[in-house]
Amino acid sequence: MAQQAFFFDMTRCSGCKTCELACKDAYDLKVGTTYRRVYEYAGGETTKDAQGCCTSTCFGYYVALSCCHCDDPACVKVCPTEAMHKEPGTGLVRVDARMCIGCGYCHLSCPYDAPKVDREKGHSVKCDGCADRVAAGGAPVCVEACPARALAFGPADEMAKRGERANVAPLPEAAVTVPNLFVRPCADARAAGSKDGRIENPLEVQ
């Protein structure tokens with residue numbers, strides 16, 4: 001099986017967060033732990049001139065994000081025990097709980113903030129692309145749950161035909177880790193690194 005990847009269609013996402021909640025339900029994640037997050041990114045301003053006419057530059061859009069199963073994953077490079085690794089068949093980045101010591105280096109290094117350390121379990125946890133479901137011929141829970149069909153999953157070369165490698169704000173530039181997330185930008189999308197807007201729901205995505 002080839003490197004697997006996610007595709008996200010920004011033109012279809014309504015920000016409903018069904019993908020996020022379906023994942024939490026499927027994996028019985030506790031409060032404060034999410035494997036997929038939906039960023040609300042917005043900016044601009046509305047002004048009124050001397051004649052009372054209003055002009056607006058406001059914009060907003062959503063970015064649904066989980067682990068990007070990068071070609072050059074920062075989390076794998078810093079893991080001292082090799083617990084964090086890429087599966088040779090699928091390229092999915094997974095955690096071997098038996099080897100993880102819960103040091104948190106993966107969490108600190110990931111520009112997408114994907115791995116988290118579960119202190120109760122004593123090891124890192126993260127999205128693994130629903131590897132068992134995929135191996136059985138299915139799709140990740142988030143993909144199946146999306147009511148707008150804004151998410152897809154499959155071989156990276158197929159997902160690349162639908163969009164460009166993720167390079168939109170508030171995400172980092174794709175060259176940092178070469179994420180296996182391909183995006184169809186919406187009309188308002190800003191480039192990675194843009195300061196035009198801000199994350200409007202920081203408490204939800206931290």
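Which residues of the largest nonpolar core touch the most other members? In this predicted model, local features need pLDDT of at least 70 and side-chain atom pairs count only at pLDDT 80 or more, while totals for chains, interfaces and linings use all residues. Residues are numbered from 1 along each chain as its sequence is written, and side-chain values use heavy atoms, with hydrogens and water left out.

The residues are Phe8, Met10, Tyr61, Leu171 and Leu181, in a core of 49 residues. A nonpolar core is a set of buried Ala, Val, Leu, Ile, Met, Phe, Trp, Tyr and Cys residues joined through side-chain atoms within 4.5 Å; buried means under 20% relative accessible area (1.4 Å probe, protein chains only). Elements giving two or more residues to this core include strand E1 (4-9), helix H1 (18-26) and strand E5 (59-65). Strand E5 supplies the largest share, five residues. Helices (H or I, at least four residues) and strands (E, at least two) are DSSP runs, numbered from the N terminus.

Another core, apart from this one, has six residues, including Phe7 and Phe182.

The structure also holds two cavities of 30 Å³ or more. A cavity is a set of points on a 1 Å grid over the protein atoms alone where a 1.4 Å probe fits but cannot get out, and lining residues have an atom within 4 Å of a point. Grid points are joined across faces, edges and corners, and a volume is the space filled by probe spheres set on the points.

| Cavity | Volume |
|---|---|
| Largest cavity | about 90 Å³ |
| Second largest cavity | about 70 Å³ |

Closest to the centre of the largest cavity are Cys79, Cys100, Cys103, Cys106 and Ser124. Residues lining the second largest cavity include Cys67, His69 and Thr177.

How values were computed. Buried < 20%, exposed > 50% of the residue type's maximum accessible area, 1.4 Å probe, protein only. 1 Å grid on protein atoms, 1.4 Å probe; cavity = no way out; pocket = protein on both sides within 12 Å on 5 of 7 lines; lining within 4 Å.
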